[in-house]
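Keep the sequence and the picture side by side as you read.

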Amino acid sequence: MAAAGQLNVIDSPSRGSRSVDCFEKLEQIGEGTYGQVYMAKEIETGEIVALKKIRMDNEREGFPITAIREIKILKKLHHENVIKLKEIVTSPGPEKDDQGRPDGNKYKGGIYMVFDYMDHDLTGLADRPGMRFTVPQIKCYMRQLLTGLHYCHVNQVLHRDIKGSNLLIDNEGNLKLADFGLARSFSNEHNANLTNRVITLWYRPPELLLGTTRYGPAVDMWSVGCIFAELLHGKPIFPGKDEPEQLNKIFELCGAPDEVNWPGVQKTPWYNQFKPTRPMKRRLREVFRHFDRHALELLEKMLTLDPAQRISAKDALDAEYFWTDPLPCDPKSLPKYESSHEFQTKKKRQQQRQNEENAKRLKMQHPQQHTRLPPIQQGGHHAQMRQGPSHPSHGSQPAVAAGPSHHYGKPRPSGGPGRYPPGGNPSGGYNHPNRGGQGGGAGYGSGTYPPQGRGAPYGSGAMPAGPGGGPRGGGGSGYGVGGPNYPQGGPPHGGSAAGRGSNMMGGNRNQQYGWQQ
Amino acid sequence: MLTASEYSNHSRQNQPVTGPAELNLPRVLWILSSTLEKLVSRNEKLVDELNQELDKLNNGSVRLGKSLNLFHGVRAPGISIPKYLERIYKYTNCSPSCFVVGYVYIDMLTHKHPDSLVLSLNVHRLLVTSVMVASKMLDDEHYNNAVYARVGGVSNAELNKLELELLFLLDFKVMVCPRVFESYCLHLEKEMLVNGTGLKIERILSPKSFETEISVEDQQSSSPPPIVDYGLT
């Protein structure tokens, strides 16, 4: 007797996986590196999921290695802050070709990864007009990010593409790492040669930009530092348009590397090519002097040039920042942001097209678009409100319902992710996470950041370049919705808070901040 | 004695195979060939006996190894297992450890699906598919499916199908940790000892010329000779 799921007719795969027909596709919500992402409903249960279609149109390559990697890694990782791969489903596809022969393209696009549905991603959420995160909210997201990443690192997985659009957030306030298409296992003993063409340019650490091929978890921590700074600052801090500019932006803020602050830096493959021509001092503290003291302290440790001295996820979780008032809030206490999945695809596409056109027209007249806002400071003791369209910083922040923020809520322009316009800045819909033009060339030279707002868009197709090196479409990532499906309570490696008391989730203590309700 | 580190040489060019100087093929090929040949002949015998039993019962013949149906050819290819492995190694330039990991996949397959039997009808397809997937996992630079199809004597479309089948049969658990890798190396070595053929390893082989390797830049023109003669298609 064949085992369950193997009772298949000859020539049909005996894989016992369910068919995609078990799901009803509702709408396309994203375009990933290797396929489209759909929001779908499981017919039997009514559960909303995300279906990530694995593109298999390159016959010569076979099953994409990125997909194999992502699947095998996600099958290994089970944590509340890592997207959960629920199952893999297949669609029969075109059964036979004209001659009745089994079609070579039979499996073309016929494989889907099923994830829990997530309402937002961090970039999409942050890019909502008028959105500003509170300090407890930022702490909450950061801690979840670090907890998930720590879990990955303990399990010897490097994510290698940490960025806002790969951090998915549901309406329960849970943050999950997604898109493990670039991830890989590392082993401490085998100091293998790894490719340095990973991580979206803006979040890529200096060691990779300098050509290192032996690296470890520290690469992810640099990206975390970039995101942290971005959350506090209100916009990306290193928006380089190519590798040299990226390094330069890093050196301008973090100082030039030398054998003192980074022993061995001169031995990195591309050091001579990229070494700074003039002395540059570290100006992080100066530029971000308005940040909270503990935040700055932690950021300093994350944006450390020397990967060997950069803080680990585990140590970052122990940083004072997470243990001083205002404490990270409970994810569940976060405001629920309206996501856009009720909209019908057509209606939305239409609307989006219109928006894009409007935005284009608008952009021509006013290059200034809505801008990201720095967080609401609590209690006003480190106030120093920043310039820019300001928001009254009340202690309360009602759920914002102004328009859909769903980062994946609309199909991306095929040229690339909206964040990195392929040129000419298309698709700058009001709610589109198009920030490619921000901060271009602003640098840190003036000592203070320029007023918030979009810098002049890059004039030309300033797409960070390089095969595999340029920012990837963050859109088609993994998804997952609210924790109920997760083995809450006992993630094997969630215990980074050991020794810090039991107030991990903020609990009642947060109530006093009353920033919500 | 063979060690795991010998197998795990990923770049064989700068790390010549250990052993006598005239040996250019990694020993794992021979160990694996011998192990698989033994396995196949044992399984074939089993099937024969079973069929004879069934004949007595007037029940016709059985088709064993249903879970590996997709890998079954119509008839056994004319190329021997050692030659086939040698061919894969020669033309795909995969690292020797891919053969160990490929064997791990096949072994996992048979354990996961008790209904599967490695037979002369399916062993070639199993090998080319599993070594290819292993190479995808292990080697940062590896040939695409099209090249493996040519080397393996199957069509690109079929190999893609087999790849998918293998991945699903393995439930995508294609990561082999160093510990498992090491234990399979030991297992393979033991097979050789039990077989009493431990010495044989050292006597075989003509020097392998590296010039015959195809280059990454020019896959099309320097593709390996067709294998159709072997009757695998």
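A residue is called buried if 20 or more other C-beta atoms lie within 10 Å of its own, exposed if 12 or fewer do, and partly exposed in between, with C-beta atoms placed from the backbone. Helices (H or I, at least four residues) and strands (E, at least two) are DSSP runs, numbered from the N terminus.

This is a predicted model, in which local features need pLDDT of at least 70 and side-chain atom pairs count only at pLDDT 80 or more, while totals for chains, interfaces and linings use all residues. Residues are numbered from 1 along each chain as its sequence is written, and chains are lettered from A and ligands numbered from 1 in the order in which they are written.

**Chain A as a whole**
- Chain A contains 11 helices and 10 strands.
- Of its 517 residues, 51% are buried.
- Two residues are in contact if their C-beta atoms, placed from the backbone, lie within 7 Å. Among the contacts in chain A with a separation of 6 or more, 74% join residues 24 or more positions apart.

**Strands β2 and β3 of chain A**
- Strand β2 (residues 35-42) of chain A is largely enclosed by the rest of the structure, because 6 of its 8 residues are buried.
- Two strands pair if DSSP finds at least two bridges between them. β2(A) pairs with strand β3 (residues 48-54) of chain A in the antiparallel sense, over 5 bridges.
- Across this pair, A:A40 stands opposite A:V49 in β3(A).
- The hairpin of β2(A) and β3(A) has 5 residues between the strands, and A:G46 takes a positive phi near 80° there.
- Strand β3 of chain A also holds A:K52, which counts as buried because it has 30 C-beta neighbours inside 10 Å.
- An unreviewed UniProt entry carries the annotation "binding site" for A:K52; UniProt positions are given in the numbering used here, feature names are shortened, and annotations may be inferred rather than shown by experiment.

**A cysteine before β1**
- A:C22 lies in the segment before β1 (23-32) of chain A. It has 15 C-beta neighbours inside 10 Å, so it counts as partly exposed.
- Which residues does A:C22 touch, not counting those up to four places away in sequence? They are A:E42, A:I43, A:E44 and A:V89.
- A:C22 and A:E42 are 20 residues apart in sequence, and their C-alpha atoms are 6.0 Å apart in space.

- In chain A, 3 strands form an open sheet in the order β6-β8-β9, with antiparallel pairing. β6 (120-121) and β9 (175-177) of chain A stand at the edges with a single partner strand each, so one side of each has no neighbour in the sheet.
- Strand β8 (residues 167-169) of chain A pairs with β9(A) over 3 bridges, and A:L167 stands opposite A:L177 in β9(A).

**Helix α7 of chain B**
- α7(B) is mostly covered, with 11 of its 14 residues buried; B:A157, B:L159 and B:L169 are among them.
- What covers the buried residues of α7(B) includes α1 (65-76) of chain A, together with α4 (97-112), α5 (123-138) and α6 (145-152) of chain B.
- Just after α7(B), B:D171 takes a positive phi of about 55°.
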